[in-house]
Each structure stands twice: as C-alpha cells, then as structure tokens.
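This report is meant for a reader who meets the structure for the first time. Please look through the sequence and the model before reading on.

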Amino acid sequence: MSKHLLETHIQIQPLPPRSHAFLFPTQLQTLQSRKSFTTKKSSFCVSLCNKKKNSFFFGHVSVVRSSVTRGVNEVEEDKQLVVKKAYPFLEIEPKWQRYWEENRTFRTPDEIDTSKPKFYVLDMFPYPSGAGLHVGHPLGYTATDILARFKRMQGYNVLHPMGWDAFGLPAEQYAIQTGTHPNITTFRNINRFRSQLKSLGFSYDWDREFSTIEPEYYKWTQWIFLQLLKRGLAYQAEVPVNWCPALGTVLANEEVIDGVSERGGHPVIRKPMRQWMLKITAYADRLLEDLDDLDWPESVKDMQRNWIGRSEGAEMEFYVLDSDGQERNIKITVFTTRPDTIFGATYLVVAPEHTLLPSLVSMAQSKYVEEYIDLASRKSDLERTELQKEKTGVFSGCYARNPANGEAIPIWVADYVLGSYGTGAIMAVPAHDTRDYEFALKYDIPIRWVVTPEDKSLTDSRSAFPGQGLIINSSNSMLGLDINGLSSKEAASKVIEWADKTGNGKKKVNYKLRDWLFARQRYWGEPIPVIFLDETGETIQLPETELPLTLPELDDFTPTGTGEPPLSKAVSWVKTMDPSSGKPATRETSTMPQWAGSCWYYLRYMDPSNSKELVDKEKERYWSPVDVYVGGAEHAVLHLLYSRFWHKVLYDIGVVSTKEPFQCVINQGIILGEVQYMAFRGSDGNFISADSADMLGEANQERIPEEKVVKSGDSFVLKDNPKIRLVARAHKMSKSRGNVVNPDDVVSEYGADSLRLYEMFMGPLRDSKTWNTSGIEGVHRFLGRTWRLIAGSPSPDGTFRDGTVAIDEEPTLEQLRSLHKCIAKVTEEIEGTRFNTGISAMMEFINAAYKWDKHPRSIFEAFVLLLSPYAPHMAEELWLRLGHSTSLAYEPFPKADPAYLKDSTIVLPVQINGKTRGTIQVEEACTEEDAFKLALKDEKLSKYLAGKSIKKRIYVPGKVLNVILDRENIKVGAR
Ligand code: ANZ
C-alpha cells in the first residue's frame, strides 16, 4: 500500500459569521476570543466549524510555524494549517466500495442453497426527490445494513435490495414549471440517490434494483389491477371527491389538510366525479384480525385498528310520523353501538346531507334547514366532529316513533352527525352520550337516564354517563320489551334479538374504513389498463397480453383544469380499438395513485427480471415474508394498509404463500436539527430569563452560540450570567431554517463509517434525536483510536503506516475476557436492534485495549469482525492488514465463549487455623501468593495475620485460603 498523506488545507481567513475555531488539546480555546495563541507543540487538534454552512474540519494539525501570535482574522497571510484525518478514510472508503462493486460481494444469487435459513431485510424504498438524500435516510438504512451484514456473517442467505418509488406529483409539477420531462428528472434524481447510497457503503444487492416507472415493473402493477377488477374488487363509482382547482386534480383524503391541499396549500372542494375505487372494505376484518400476530410497534397496530375502525352494534328502524302522529311510509335507519340505551333515545338526528331529509322537513322549517345545510357543506368532517366545538342544529319540523316505547320524538338536523358514517342518522341518547347531552341542554330536549353505574357514587345528573351499567326505566309491556335490571351487555343482546323478531332492526358491524379512491387526474403514474367502447361506453379490461400499457410521451403536462386528466391530450394514444372486437374505443386517462407501485415492490425484489410472472412461486415461498421492514412512522397507516390489502388478494389468488407481507416493522425516529439556544430580551433591551418571557414573540428572541451556554440542573443558562435561563429547541431539519445537514458533507469531512456509526450512536433507533456535530467527532475519534491500535499511529510526518501493529501472540485471560464480553454484548444488541449500546460496548473494549502492552492478532481479528457491520470500510481495510486477502463480508460472526463471560472476581473465604475469619475479593484465577497478600492487606484479617509466623497455607483456588499459624502465635494471640 502506498504511503499517502491525507491533508486538507484550511483557509480560515476571513472567518465567516457564526464560525468558530477551537484548538485542543490543553483545553478548549476559541481562537476568536483569544487574540494570540502560542504553543511549543508542533501539532495539535483544530476543529473549525461554520455552523451556517454546516462544514467541519477536524483532525491533527501541524502548524507550519510553531507559534500563532495573532488572532484568527490575521492568520491567513502567513500560515496554512494542514489537517490530517484521524485515519485515511478518504482512501479506504472509495477503495472498498469499488471492491464490493467489482466483486459483486453482496449479490444474492438467483439460485441459492435453500437449505440455509433466509433473512429478508428491507428499507421502505425512497421517492428520489430533487433534494437528494438527507441525514434522516441513512438512519434506517444503516440499521438494516447492520442487520444484513450481521446475518450474512451468521450464515443466512440475505436479501437486502434497494429501488425507487418513482411515480408521483413532484416530478410532474417540475415538468409543468420547466418543461423537463418527468422521465429525465426522475432518472437524474435516481442517479444521484444511488451514488449517495453507494458512498455510504450499504450492502445492497444492486443487481436487483428497479424503479416503479419501468414498464417491466408496472406491467405487473397493471396485472394486479386486472386481477382486482376480475374479482369485483375494483369498480367505478360517482363519488364526491376532493377536487383541487389549482392543482387540477382530485386528492385523497390524506392529501387534504384543513380544507387545503397538503402540497401547495390550495383550497379543496367536494365535487362528485366518476372514479376508480378499490374495495379494501371487503378485507376489513382480515386486515384487523391478522394484525394480532405481527411483530409491529403497538402504536402502528393501533393506528391501523383505528383507521379500520370496527364498531359492533345494531341498525334500528324509526318510523317517521305525519302531523297527526300516524306512521308514514318512511323510516329512518340509525346505527348505534348502544342498543341497550334505546329507551333513552329522546330525539333523532339526521346528517345535513342525508338523502331522506327533503322528504322530512316541514314547510315551516324548510328555510332554516336549507340555510343550515349550506353552512354545514362548507365545513370539513374534522371540524364538524370536533368534540370541543359547540353543537349546532335545526329542528326538521317532523317526528319519528321510538320503536321500543312508542314515543314520538323530534327529528333534528345537526352537523355533528356525518353523512358518510353508519347510516348518516342516529338515535340521540342525551343521558349517555356527551355530544347528545350538550345538544339536548342547548335545545331543551328531555334527558332520560336509562343506565345506572354499578358504582352509585358515579351517578351525576350534571353530565352524561357514557359507561356501561345496569339498565333502568326501560320496559314497555305493550311492545314486548323489558330490559330493566340487565347489564348493558345483556340488554344490548336482548334488544337486538327483539328488534330482529319484530322487524325493528338487526345486528350490524360498521367500519370507518372506506373504499380506496384509486385514480388520479395526473400524467406521471401507471396507466389504468381499461378501455371504454365508443359505441356503448362499456368498460373493457385489456387482455393481459396487452400489458404493459405504456405511458405515452407527452410534451404538455399541464392539467386540463376541467378534471379531464392530462393524458386526454395524448389523442393518438387515447383513441384505440378493442383488441378482441376491433371496435373503436377510448382509453382510461386517469392514472393510478402513487401508492400503487409501492404496494407490492417487496415481492419483485425476490425475482426482479421475471417476464412471465410477477414472482416465481418457489422464490416467493423461500423469501416470504419480509423479516424486517424499516421505515418512517408516516407510513404507519396507508402504505402498510394498502400493501397488506394487495398482499391478501394475491394470497387469495395463489400468487403469494403468506397471509402477511411484513413480519416485523420498525419505525426509525426522526433526526431533528442541532439544538438551538434562544435568549429573550425585555423591553429595555436586556436579557431576561426564559421563565418570564413566555409571552414574547420571535422578534425578541436571539440565538446564543453553544459556547456561551452552560447547563444548570435541567436547564440551560448564559455562561456569563447564569440567572438568564435559555430555551433549548430542536427543529425538524428544513431548508427554511437552514438547519439541514447534508450527508455528502459529513462523508467528505469524517467518512461514511463515522456517519453510519454516529447515526447509530445518537440514541435508540426508534427514538427521535437531535443532530449534534460534536457527537460525530466523538465517534470519529473512536474510529481513529481503533485504527491506531491495530494499524499503528501515523509517522511523525503525518503519513499513515502500512500493515498492522498486531502480533502473533497468545492472548491473556484478561484480553480474552474483554473480547468475549464485547462479542456477547454486540451480538445481543444487534439482535435486539439496540445498535447504540452495541457501539458503547465496542468503545469500552477499545478503551480497555489501550491499556494493553501487547496486541494479539487473534483478539483484533475478532474485534474487526464485530465492528464490520457498523463501519464496514475500516473493518475491511483492517482485516486485510491483519493478513487476509478476501472480504470479511461472509466470515463467521464471532461467538462469545461463556467461559470468558463469568464475572472474573469471586469472594474467597479466608480461614485462620480452619476457622473462617473473613473474605477477600480475588480474581478467580488468582495465585496463592496473591490471595495471601490480599488477606494481609484486609483490615479484619490482618489482625490475625500481621507479624505472625505461618506454619503452612492451604489454598483451594476459587474455594478457600486456609492459613495455619505456628502454635507459638496462638499462645501470643490468646494472651
Ligand atoms: C346511541 C348511543 C347511545 C350512542 C350512547 C353512543 C352512546 P363508533 O364507536 O364511532 O362507531 N353515530 C352513529 N353514526 C354516526 C354518524 N354518522 N355521525 C356521528 N355519530 C354517529 O360510534 C357509534 C356511535 O356514534 C353510535 O352509537 C351513534 O351514537 C353515533 F349512550 O347511538 B350511538
């Protein structure tokens, strides 16, 4: 290996604003604050940081002149600081990345030995945005890479692929603004992402890479759509959709926040349109039940459960009455989860959009009802159902009969009841439902208590009692229903049974889950493989032989603004003919939503170039399910629910062999920007403590540099005025805050291994954490120490040496103990995905090893293997230097030997003339001489031993030390 001086010339003049240079090692010194600095040392450390640009230099510095006598602002003319990195990562990292690429080290062959166990570890594939990777990406990717490397070394066949979720709105909007075809933008972004990921040394099998926009891939997305269509799981419906006039498209509910589009913040209105829908509701029960067996975060499972929102209850019929109190031929069906409270239903509510409403409203009330309907149509469902919101409503002028007691009760219109849930109508029970209670009080409607709490002390007529209890006031012998004295549960069953018998209602399960709106009026998505006959309008599925139906080239991507998708501009593509009858036809011009491509990509990685099938059955059987799936919590509901739905359909048609796609899901936390310290100034311009500054706005805040801040208890205060408490905040990284850390910069300053190690060391994988540049310096130092311990310190001229300083020598017991403890801990922590504590164990080992005189090769070989999943470049290089000629990627991961894990010290009883007089703490393998010396030093035992002549010593290692004194001593002692 050639000697290579890795040096960086730092120009530190003029220092940009908010930059600081620190000199080590004597003590931290800020060059800016010290006007002169002298040192006799020819080298020291410098850290120069420019927080604004997030650039950092760190390493040993040789000062060209031996003293710095002027301040930083004057340094430029006469000195250059040469920074050497802690170890030669700039050379090592590209070298090993090349090696892995050329040797296809991480390729998972197509034909594998299936008798070996498998491990499929997957990252949620990224959308290749124009911004490139941010430091949040490598958090999950490093975790999965550690697992992949670890399992490979444990003899598993590992599938660890990467690809691109590449259809979507941003590329299309960019095309609209710049005229650059989304294809071009997308491929440019993919290339950037790929090279960034490669620079981080992830062990992906790049031979399996694909993107969702490749026709060879989306052919199968379209094929799945056809299977859904064949099974009645895809259908067209006229549905009220979120129409965004500015974007010229329909948005999914989750793309609309507070009445405006999530992207761009444009107003969104409800408009009925013909849409493709997927019948996910048909799978609601299975999607719910199968959650139980998954090793997913409970919070994610709960979010899915709530999203599916299963409610068991009953539908009950209430006949509408005419002005004479006679039953009309109209009935209102309500959905209730509390049939036990039916005797307490003192009014009905129908949603403002209820279809029966026009036939209910009395002449006198129609004006008020119309006004109310108009008002309600301008509110979102969320606003309408907010609990805190004051309830509003209007009387319809009409009554209905309560089927349980025959009473005529008023029908109201109120927007706290939604048209889209249940039947859009409720029986209101003010005594036992908080919303109904508020409403009844406001509009003076009777409140009747029909459930009493079993614990009488809970009875309180000033609020609703929504709990279960014992039923009272609930009997009508004429109508044949008596539930008094029953528990809520028993009463509910009895009411349902009675309703079923008398035709007044039936048992009913409801779901919050709605069918999936599966069409977008956009260009950059998968075409839907369907045509419409011009003559009859009949919908025809394209035969599978016609797939892929490729997206036509288009120059004008702008939405038509009428709701007609941009694809309608590709006239020669749109006008087609039915391949079976030859009749003229028109293609579907809506495309699939971005969710489609990500619904099944994990299956394609198992067999990425199969042109005959979506995935080969045998390969699927071997690799399914994904063992560990890591990604952001933002995908807890939709992506994971949609892909589970498609997976279950594929299971039903025999394409996949497992009921669930992802056995274990892990959500990595968010990385927040560096902590910022803010001080507040009062009206007189002086700093005031944050406690008394709560009401002050942004304008009175001032950012304080970290070096002027100290911690005091749980708070942060100004160093030179500790009475002034500061507010410490970490914000989500964003361009506008200027707190984005670019992984490329970190890689060039510290190396990919440092970045990987740091991201794992920041804290538990699942937690949110704040970026801290001194933290990365810490792990970089650890890697430097490791390097020096195994490869040796650099020469005085700063060049890194070849080879290793490890020697062929038998390790000592102490060394073996340190190593095996480290192996045990690192293994346990990787298996438990507690990567941060695994790193701590390696740091402890290196600290211990620094005290050793000799460095046996076998100990360091094992350590390098332990380190390799975390810092693979350095580990490969050290492995080579330790005398190996091939990659360590498939070397067996070291196994801890339990013999070295036992606590090394024991409590040894010490006897004097056969009588136990005390104990000493000794190393288990301690010699007799050492044990005796320790006994002499022990305060209690020394009383018996000091100055005595010893006849003999009986030592049973690990058991006892018995000291037999001369008889003469005994006499002396007795006196
Ligand atoms: C009578 C009753 C008495 C109710 C009682 C509750 C407590 P979940 O669990 O969410 O399914 N409800 C039914 N349809 C509604 C709609 N479209 N908009 C708003 N509220 C609606 O809730 C079901 C309960 O919510 C139903 O049970 C109904 O009120 C109300 F002591 O009926 B209940």
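This is a predicted model: local features need pLDDT of at least 70, side-chain atom pairs count only at pLDDT 80 or more; totals for chains, interfaces and linings use all residues.

Residues are numbered from 1 along each chain as its sequence is written, and side-chain values use heavy atoms, with hydrogens and water left out.

**A parallel sheet**

Helices (H or I, at least four residues) and strands (E, at least two) are DSSP runs, numbered from the N terminus. Two strands pair if DSSP finds at least two bridges between them.

Strand β9 (residues 118-123) runs parallel to β10 and is joined to β10 by 3 bridges. In this pairing, F119 stands opposite V158 in β10.

Contact here means heavy atoms within 4.5 Å.

**A mixed sheet**

Another open sheet of 4 strands has the order β43-β42-β45-β44, and its pairing is mixed. At its edges are β43 (915-923) and β44, each pairing on one side only. Direction ignored, neighbouring strands are turned by 20 degrees against each other on average.

Strand β42 (residues 905-912) pairs with β43 over 8 bridges in the antiparallel sense. T905 is found opposite E923 in β43. Helix α24 lies across β42, β43, β44 and β45 (960-965), and runs at about 115 degrees to β44.

**Salt bridges**

Side chains of opposite charge can pair when their charged atoms come close. A salt bridge is counted when a side-chain nitrogen of Lys or Arg is within 4 Å of a carboxyl oxygen of Asp or Glu. The structure holds 47 salt bridges. The table gives three of them.

| Pair | N to O distance |
|---|---|
| R305 and D302 | 2.9 Å |
| K575 and D534 | 4.0 Å |
| E929 and R953 | 2.7 Å |

R305 and D302 are 3 residues apart in helix α7 (residues 298-308), which means that about one helical turn separates them. How exposed is R305? R305 is partly exposed, with a relative accessible area of 25%; the term covers values between buried (under 20%) and exposed (over 50%), with a 1.4 Å probe and protein chains only. D302 is also partly exposed, at 36%.

K575 has a relative accessible area of 47%, and D534 has 40%.

E929 in helix α24 (residues 928-937) and R953 in strand β44 (residues 950-956) are 24 residues apart, and the pair links distant parts of the chain. E929 is partly exposed at 38%, as is R953 at 26%. Elsewhere, salt bridges that share partners join D110, D205, R208, D607 and K619 into one network.

Conventions. Axes are lines fitted to C-alpha atoms, for helices over the stretch in contact, and angles run from 0 to 180 degrees between N-to-C directions.
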